[in-house]
Amino acid sequence: MGSTGEMIDLESDEEIPFSSSAATNKVAAFEMNHLPPRSVMPNAWIARHIVIRAVRSIYIVLLKAKINILLPFGPLAILLHYVTGKHGWVFFFSLLGIIPLAERLGYATEQLAFYTGPTVGGLLNATFGNATEMIISIYALKNGMIRVVQQSLLGSILSNMLLVLGCAFFTGGIIHYEKVQEFNKSAAVVNSGLLLMAVMGILFPAVLHFTHTEVHFGKSELALSRFSSCIMLVAYASYLFFQLRSHRSLYNPIDEEGGNGVDSDEEEIPEITHWEAIGWLFVLTVWVSVLSGYLVDAIQGASDSFNMPVAFISVILLPIVGNAAEHASAIMFAMKDKLDITLGVAIGSSTQISMFVIPFCVVVGWIMGVKMDLNFQLFETATLFITVLVVAFMLQEGTANYFKGLMLILCYLIVAASFFVHVDRSNGNTLLPDT
Amino acid sequence: MESIDNGSILSPETEAQKSQSIQAPGEGSFSGGLQASGDKMWRNVVYRSIRTVVFSNKLNMLMPFGPLAIFVHIFTGHNGWVFFLTLLGITPLAERLGYATEQLAFYTGPTVGGLLNATFGNATELIISIYALKHGMLRVVQQSLLGSILSNMLLVLGCAFFSGGLVFQEKEQVFNKATAVVNSGLLLMAVMGLLFPAVLHYTHTEVHFGKSELALSRFSSCIMLLAYATYLFFQLKSQKNLYVPLNEEGSQNEENSDVDDDESPEISKWESIVWLSIMTAWISFLSEYLVNAIEGASKTWKIPISFISVILLPIVGNAAEHASAIMFAMKDKLDISLGVAIGSSTQISMFGIPFCVVIGWIMGRPMDLNFQLFETATLFITVLVVAFLLQDGTSNYFKGLMLILCYLIVAASFFVHVDPSSADEGELKT
């Protein structure tokens with residue numbers, strides 16, 4: 001059905017560096033040339049047109065990226081769930097299956113950002129940037145697995161700051177061996193200051209609980225957590241407003257940052273149209289939600305069969321999945337000596353989780369009637385605070401080398417090892433008072 | 001005749017001369033009317049003084065609340081209202097005390113002026129604390145001083161950054177990074193000095209339980225007072241240009257064309273001293289009622305005492321600094337705002353708190369540096385975060401907003417915070 005013709009169309013579309021609107025027009029114009037005049041267009045033509053577009057879209061989105069090899073693991077996981085019910089394997093396969101979906105979700109968001117301009121694009125990135133973690137967390141909340149939510153979000157912050165940043169610095173440092181890589185010190189300092197303040201906002205309910213000084217034991221820190229979460233959401237809204245409005249140069253979605261460079265091999269034009277991007281966003285979100293359902297259900301069973309603490313699974317394994325895409329892109333940008341973008345990805349994602357996703361989960365829990373609060377247990381809270389302090393301090397001089405990266409990775413290994421031997425004393429399920 | 005002098009800002013000598021010269025013709029012959037003119041001169045001086053000090057500032061509308069509070073205390077004994085009204089009554093007095101100190105600083109020169117500012121800058125908090133110590137309310141003292149530090153660093157600084165950032169939206173305000181860093185370093189060291197008795201107590205590793213940390217606290221306080229004296233010496237002697245009292249900063253910058261800053265003193269030297277003592281006496285008087293009413297107010301309004309001590313009391317003591325910091329930020333003089341906020345915090349942590357420990361020692365009260373765990377952790381986290389934020393030397397409205405929001409979260413934590421050592425434990429210990 002003219003599939004070869006479609007292939008040729010695709011190749012020529014990509015190599016022409018047009019602006020977004022021009023590309024869209026060209027695509028549309030190209031398509032229109034193959035169609036008879038409107039007055040005689042029967043339904044068959046329209047249907048064929050849509051199918052052609054759909055196939056092309058599927059090709060671009062699903063088949064081109066190499067990471068999509070992992071895609072079949074998703075349906076395989078569901079199959080396993082119904083056929084064998086072996087939680088360990090279901091968990092492992094859904095993990096593998098979500099990774100490419102998360103990456104494609106990020107891709108669709110970036111594509112959509114081309115059409116909506118920098119402001120809404122920034123907002124989109126800010127909201128959907130951690131969509132995978134949010135979806136997994138909401139499922140876990142629905143199942144009442146509050147500790148899993150807290151730990152996976154915490155682990156996401158830790159993994160962004162230690163693992164992602166460490167790998168980026170390390171690979172960048174090895175490739176650019178002769179010189180010391182630099183990044184924009186002031187932006188990094190401002191961002192780490194924000195992260196520090198956000199973490200401070202999260203800390204107080206935990207500190208209150210652990211000094212056993214609340215007025216109504218068990219109820220006070222919940223009320224305090226909900227109040228703090230609302231305040232942090234207000235802070236996040238003003239953060240977005242501030243970035244997108246006053247300091248637009250500081251905040252650029254990652255793709256557009258790439259568009260500012262002279263590298264012509266980077267994607268300067270969107271590859272799919274506006275509506276396709278929205279459509280894919282929707283489809284991928286639904287698909288991620290479905291898989292997350294199976295993932296969350298399998299956590300407890302996987303912990304039992306693999307003999308790993310649930311804490312380790314939540315803090316270390318789950319975030320690796322959610323962050324895989326950011327991980328890859330951060331490393332890639334570091335290797336291209338664009339450390340500012342890497343830092344934006346890593347620190348920006350951490351800030352987003354601590355200022356938006358965590359309070360958002362508390363509020364969603366509030367709506368659902370689930371007692372999610374900001375009282376991460378003492379060990380997790382101390383780990384978070386120490387890590388943020390150390391990383392904020394380290395970013396101050398504005399340089400990076402492979403040794404710093406290696407140190408960050410090793411710190412992450414130590415943290416991971418601590419969680420491997422960490423028993424969560426509060427029960428993973430709801431409503432039981434913790435010590 | 002007093003109306004002629006109304007609103008004029010003259011130097012003291014000419015003021016006295018002018019009043020004399022105006023009086024004399026109206027009195028007829030000089031020798032015969034000397035006695036009467038002398039009296040009239042004093043009266044005019046007093047009237048003018050009162051007008052300048054008491055009536056010129058809008059904040060002084062709150063002054064009648066002071067006597068009203070005493071009235072309510074004697075007649076109804078309703079502690080909640082007494083507390084509230086005394087709070088309102090002390091606020092203008094604290095501001096006027098600061099004003100009198102600045103005026104006196106004109107006459108004494110920068111050195112002694114700096115010393116004056118350093119000592120009297122937080123006089124209100126010190127007076128309230130000494131009264132609370134006398135009543136044995138040790139936790140109130142600790143918490144109100146802690147709350148003063150927190151409010152200076154989060155609320156005052158946040159409001160200053162926020163309002164300054166809103167007024168100067170297109171550019172980022174900058175301040176002198178070096179001074180801010182030095183001050184934050186000092187603050188951090190002071191907090192470290194405060195931390196050790198608390199850490200010692202909470203790891204349950206002291207030699208004599210209950211007595212060791214008191215001895216350690218008293219020793220640390222003496223050392224911190226020594227450190228503070230050295231800090232003053234260092235600032236006033238070696239870096240005379242870095243540290244200038246607020247008013248003189250305005251008068252010494254010749255390139256400033258703002259003549260609306262107070263460049264010349266408004267009242268004479270002796271008037272300043274007199275007003276200083278009057279304000280101090282009046283504040284002491286009201287503080288007595290305030291401290292007495294704290295517990296009653298806490299029960300009436302169902303607020304924990306820690307919330308009253310940490311959040312409400314410092315707002316009163318800091319109201320004047322708060323207003324001036326915001327004002328200077330809006331005039332793009334962020335260095336002064338920072339000096340006010342961080343300087344006040346440093347002063348309380350390195351001088352106010354150890355001073356109270358020593359006074360407690362003299363009075364025989366077991367006041368120590370062991371702020372409870374929650375307060376200590378809060379202080380440590382806050383100082384760390386603020387010190388980090390001040391490092392890059394810029395400010396914008398978002399940073400200010402974040403600081404204010406953090407203060408709201410801290411205030412909310414104290415609202416649901418029950419003090420583990422009960423509030424009247426101090427009274428039992430006497």
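**Helix geometry and packing**

H11(B) is followed by B:Lys302, whose phi is positive, near 60 degrees. The model is predicted, with pLDDT of at least 70 needed for local features and 80 or more for side-chain atom pairs, while totals for chains, interfaces and linings use all residues. Residues are numbered from 1 along each chain as its sequence is written, chains are lettered from A and ligands numbered from 1 in written order, and side-chain values use heavy atoms, without hydrogens and water.

Helices are DSSP runs (H or I, at least four residues), numbered from the N terminus. H11(B) covers residues 269–301. Its 33 residues should span 48 Å at 1.5 Å a residue, and the end C-alpha atoms are 44 Å apart, which agrees. The expected span is 1.5 Å times one less than the number of residues. H11(B) bends by about 40 degrees at B:Ile294. The bend is the angle between axes fitted to the seven residues ending there and the seven starting there.

The contact (heavy atoms within 4.5 Å) involves A:Phe385, A:Leu389, A:Ala392 and A:Phe393 of H14(A), and B:Ile381, B:Leu384 and B:Phe388 of H14(B).

Technical notes. Helices (H or I, at least four residues) and strands (E, at least two) are DSSP runs, numbered from the N terminus.
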